[in-house]
Amino acid sequence: MSRSDGPQPHLINIQFHKKMHIHEIVIYTDFKLDESYTPSKISIRAGSTFHDLQEIHVEDLNEPSGWVTILPPSECGAEAAEGSEQKEPLRTHFIQVAILANHQNGRDTHIRQIKIYTPRRHLGQNIGCQHEFSS
């Protein structure tokens, strides 16, 4: 669980060793347990380093309990092909989750878990096998 202390915004910085394809960002919060510690407004920023971050998404939350998708796949990147509904994943070295406000004007923040998903690879690709498997 991530806990904060001090003035807002509270920041969670996630740095990757190489540029990653980000498919989705989800957080776990529990308004029933945390009340004023629960985030009500979150900003997602991405870039190469801490110094060149760009805000890519802002989410308002209303008493969230459980898993909440903060950055859905449709907002992770630009259109893949003209006329296509499929989106390319966000490619980045650095993600920052900024808690801009809490419920009931709370000062400190509790986020119980953050998960960052990358696109699934084809089965066998990660072990160097070019063949498709079936059951």
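Modeller: The model is predicted. For orientation, the protein has one helix and nine strands, in the order β-β-β-α-β-β-β-β-β-β from the N terminus. Of its 135 residues, 38% count as buried. Among contacts with a separation of 6 or more, 74% are between residues 24 or more positions apart.

The structure holds one salt bridge. Its partners are Arg-112 and Asp-34, whose closest N and O atoms are 2.8 Å apart. Asp-34 belongs to helix 1 (residues 31-34), while Arg-112 sits in the loop between strand 8 (110-111) and strand 9 (113-117), so the pair ties together parts that are 78 residues apart in sequence. Asp-34 has a relative accessibility of 5% and therefore counts as buried, the limit being under 20%. Arg-112, with a relative accessible area of 28%, is partly exposed.

The side chain of Asn-102 makes a polar contact of 3.1 Å with the side chain of Thr-109. Leaving aside residues up to four places away in sequence, Asn-102 touches Arg-107, Asp-108 and Thr-109, the run Ser-36, Tyr-37, Thr-38, Pro-39 and Ser-40, and also Gln-8.

As for the surface, the protein exposes about 8800 Å², of which carbon and sulfur atoms supply 45%.

Note on methods:
Residues are numbered from 1 along each chain as its sequence is written. This is a predicted model: local features need pLDDT of at least 70, side-chain atom pairs count only at pLDDT 80 or more; totals for chains, interfaces and linings use all residues. Side-chain values use heavy atoms; hydrogens and water are left out. Helices (H or I, at least four residues) and strands (E, at least two) are DSSP runs, numbered from the N terminus. Buried means under 20% relative accessible area, exposed over 50%, partly exposed in between (1.4 Å probe, protein chains only). Contact means heavy atoms within 4.5 Å. Accessible areas come from the Shrake-Rupley method with a 1.4 Å probe; for residues, only the protein chains shown count as cover. A polar contact is a pair of N or O atoms within 3.5 Å; within protein, one must be able to donate a hydrogen and the other to accept it, and residues adjacent in sequence count only if both atoms are side-chain atoms. A salt bridge is a side-chain nitrogen of Lys or Arg within 4 Å of a carboxyl oxygen of Asp or Glu.
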